[in-house]
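Please consult the sequence and structure below while reading.

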Amino acid sequence: MKKVGFIGLGIMGKPMAINLIDAGYNLNILDSNKAAGDLTPKGATAFSTCKEVAANSEIIITMLPDSPEVNEVVFGDTGVLAGIKSGSVFVDMSTIAPSTAREVAEAMLLKGVDALDAPVSGGQVGAETGNLSIMVGGNQAAFDALKPLFDVMGKSAVLIGDAGAGQLTKACNQMIVGMTIQAVAESFTLAKKAGVNLEKMREALLGGFAQSRILDLHGQRIIDRNFDPGFKLKLHRKDMNIALMAGKEFKVPLYGSALVASHMDAALAAGWDEKDHSALALLMEKLSNVE
Ligand code: NAD
């Protein structure tokens with residue numbers, strides 16, 4: 001089996017890497033936070049620079065917070081580009097700007113490396129259970145080479161188009177998720193203040209047209225008062241920005257997304273950066289003077 005480099009072992013990266021190890025892949029790992037995801041007890045080899053990870057791997061996967069971190073990991077003095085071998089495949093599974101994904105792909109091509117942008121949806125649970133939905137931009141040959149690994153980490157992997165197409169798709173995904181969480185948060189706040197039982201309401205709504213995974217999972221989180229991440233609010237705000245920037249670039253008004261992004265800013269101002277994005281409900285409660 002091919003040697004796989006995995007950089008970024010946080011909430012998502014760690015379980016994805018574990019699934020690859022359990023499937024028999026040899027992993028070379030790195031996270032700038034040494035305490036995050038030490039998988040050496042499971043047989044992974046830890047390196048101290050991304051250059052070394054790349055030099056010792058044929059496939060290099062990154063799962064990092066945002067574009068600046070991906071730029072640092074790829075283009076830094078001891079970054080992936082400095083060590084990667086021609087013929088390797090580079091796969092960034094973080095959610096970042098489509099423009100950054102295209103720049104990375106162009107730089108990799110100059111080194112004889114195919115690059116894929118392959119952001120995911122499905123959250124921590126999807127990462128742990130290997131049920132992610134993977135949205136891919138890049139070429140068919142690289143996609144085919146990565147398909148066995150995608151099949152370990154996810155339940156579906158779709159090649160959507162050229163470099164950046166995966167990230168643009170993920171931005172759309174985040175618009176839908178953000179607006180749906182806001183819809184659930186508003187509905188639950190209204191129902192609570194009107195004296196309606198939320199458990200019963202959720203159960204009833206899950207049987208009808210309003211049914212969604214957000215209503216199911218985030219609705220339950222709101223009822224349980226469980227705002228531990230999950231998906232950090234600050235990361236979702238980052239994604240809404242990616243969407244809004246794309247809207248600006250292509251001159252498409254994104255009314256609902258802009259509103260939700262502002263709502264997120266108010267939640268961040270309350271100091272809830274590290275809370276799960278379902279904490280949008282906390283803000284609705286605060287504004288409505290109800291818990
Ligand atoms: P996280 O903050 O838990 O993990 C990111 C990891 O990257 C951390 O362990 C951090 O130490 C490491 N890191 C940061 N800079 C680094 C650097 N320069 N070199 C090496 N390591 C570095 O974030 P996460 O929740 O795992 O999310 C990762 C990406 O996946 C983000 O782009 C996020 O938007 C996306 N995503 C998250 C979820 C979710 O539910 N958490 C779902 C889908 C997509």
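An oxygen atom of the ligand is 2.9 Å from a polar backbone atom of Thr95. This belongs with the polar contacts, defined as pairs of N or O atoms within 3.5 Å; within protein, one atom must be able to donate a hydrogen and the other to accept it, and residues adjacent in sequence count only if both atoms are side-chain atoms. The model is predicted: local features need pLDDT of at least 70 and side-chain atom pairs count only at pLDDT 80 or more, whereas totals for chains, interfaces and linings use all residues. Residues are numbered from 1 along each chain as its sequence is written, and side-chain values use heavy atoms, with hydrogens and water left out.

| Residue | Protein atom | Distance to a ligand oxygen atom |
|---|---|---|
| Pro65 | backbone N or O | 2.8 Å |
| Thr95 | polar backbone atom | 2.9 Å |
| Lys238 | polar side-chain atom | 2.8 Å |

Taken alone, the ligand exposes 830 Å², of which the protein buries 90%; these areas come from the Shrake-Rupley method with a 1.4 Å probe, and for residues only the protein chains shown count as cover. The ligand is surrounded by 29 residues, the closest being Ile11, Met12, Asp31, Pro65 and Lys238; a residue is included if one of its heavy atoms lies within 4 Å. At least two shell residues come from each of α3 (67-75), α6 (123-129) and α11 (233-250). Helices here are DSSP runs (H or I, at least four residues), as strands are (E, at least two), numbered from the N terminus.

UniProt, in an unreviewed entry, places the feature "domain: 6-phosphogluconate dehydrogenase NADP-binding" at residues 3-161; such annotations may be inferred rather than shown by experiment. Over residues 3-161 the chain is 40% helix and 25% strand.

In helix α1 (residues 13-22), 7 of the 10 residues are buried, among them Met16, Leu20 and Ile21. Buried means under 20% relative accessible area, exposed over 50%, and partly exposed in between (1.4 Å probe, protein chains only). Just after α1, Gly24 takes a positive phi of about 105°.

The loop between α10 (213-224) and α11 holds Gly230, and the peptide bond from Pro229 to Gly230 is cis, with omega near 15°. Arg225 lies in the loop between α10 and α11 and has a positive phi of about 55° although it is not a glycine. Arg225 is partly exposed, at 32% relative accessible area.
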